[in-house]
Amino acid sequence: MVYLEIFFSFVKIGFTSFGGMSMIPLILEEMEKHSWMTAEDLTNLVAIAEMTPGPLGINCATFAGTQTAGVLGGVIAVAGVLTPAFTLTLLVAVFFTRFKKSRVMQKIMSYVKPVCIAMILAVILTLSEENYSMEGKPDWIAVGIGLVMFFLIQKRKWSVPKVIGCSAVLGIVLYGIVPQLRPF
C-alpha cells in the first residue's frame, strides 16, 4: 500500500537526517527508489518548499506526499517525517519529568543552561554581524533601527509583530525611499 510506503519512507528520512537541506538527498533517494518522482520533480519540490513559509523538511514532505498520493499522501508524509522528532521529544519529556528532582539531573542542567545561553549569544553575535554591518563597516541605520525596536519592546512593551512591521516600514523608507530622493 502506497500510504504505508510513504509513511515509512518519511519516518526513515526523519530519523536519518537533521532537517533542512540534509533531507534533500534522502528524499531524492526514496522518491527515485519507489519511482514516485524524478530528479527534476525534486528540483521543483525544493524550489516550492523554499518559497513557502515553514520548515523545509515539512514543506518537502507535504509536496512529495501530495505529488505521490494526493492530499492524504501529503498528510501521511508529514506525519512520517514528524514521527521521529515527536517520539524523541516525548521520550525526553517522560524521562525529564521522572528524573528532574534527581541530583544528577540538577547537576546536568546546571551545565546545560549556561551552554544554551552561550549558544544563543553566539547566534545573536553572528546575526548581528550579518544584519548590522555593510561591507565590513557598521551600518548605523540598521543599528539605529535595532536600538529603537529594542526600546519599543523593552520600555513601551510593543508586541513582536508590531515591532517587525515598524522595522519593515523604517527599512523601506530609510533604505529604499530616502536614497532615491538624494540629488546625485
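A nonpolar core, for this talk, is a set of buried Ala, Val, Leu, Ile, Met, Phe, Trp, Tyr and Cys residues joined through side-chain atoms within 4.5 Å. Keep that in mind. What you see above is a predicted model.

Let's start with the core. The largest nonpolar core here has 23 residues. Which of them have the most contacts inside it? They are Ile6, Phe10, Ile27, Met31, Met37, Leu45 and Cys60. Four helices each supply at least two residues: H1 (2–16), H2, H3 (39–51) and H4. Which helix gives the most? That is H4, with 10 residues.

Take Ile6 next. Leave out residues up to four places away in sequence. Ile6 then touches Trp36, Gly65, Thr68, Ala69, Gly73, Ile76 and Ala77.

Now to a helix pair. H2 covers residues 23–33, and H4 covers residues 56–99. Their axes come within 10 Å and cross at roughly 20°. Angles under 35 degrees count as roughly parallel, so H2 is roughly parallel to H4. The crossing of H2 past H4 is right-handed.

Who makes the contact? On the H2 side we have Met23, Ile24, Ile27 and Met31. On the H4 side we have Leu56, Gly57, Cys60, Ala64, Thr68 and Val81. Sort this contact by class and you get 8 nonpolar residues, 2 polar ones and no charged ones. Some names come back here. Ile27, Met31 and Cys60 belong to this contact, and they are also among the residues with the most contacts inside the core. Thr68 in H4 is part of the contact too, and Thr68 is one of the residues that Ile6 touches.

Stay with H4 for a moment. Gly74 sits in this helix. Is Gly74 buried or exposed? Gly74 is buried, because its relative accessible area is 3%, and buried means under 20%. Setting aside neighbours within four places in sequence, Gly74 is in contact with Ala61, Thr62, Gly65 and Thr66. Then there is Phe63. Gly74 and Phe63 are 11 residues apart in sequence. In space, C-alpha to C-alpha, they are 6.4 Å apart.

Last stop: Asp139. Where is Asp139 found? Look in the loop between strand S2 (137–138) and helix H6 (140–154). Asp139 has a relative accessible area of 10%, so this residue is buried. Again leaving out residues up to four places away in sequence, Asp139 touches Tyr132, Ser133, Met134 and Tyr175.

Conventions
Residues are numbered from 1 along each chain as its sequence is written. This is a predicted model: local features need pLDDT of at least 70, side-chain atom pairs count only at pLDDT 80 or more; totals for chains, interfaces and linings use all residues. Side-chain values use heavy atoms; hydrogens and water are left out. Axes are lines fitted to C-alpha atoms, for helices over the stretch in contact, and angles run from 0 to 180 degrees between N-to-C directions. Angles under 35 degrees count as roughly parallel, over 145 as roughly antiparallel, 65 to 115 as roughly perpendicular and the rest as oblique. A crossing is left-handed if the near helix is turned anticlockwise from the far one by less than a right angle, and right-handed if clockwise. Contact means heavy atoms within 4.5 Å. Ala, Val, Leu, Ile, Met, Phe, Trp, Tyr, Cys and Pro count as nonpolar, Asp, Glu, Lys and Arg as charged, and the others, Gly among them, as polar. Buried means under 20% relative accessible area, exposed over 50%, partly exposed in between (1.4 Å probe, protein chains only).
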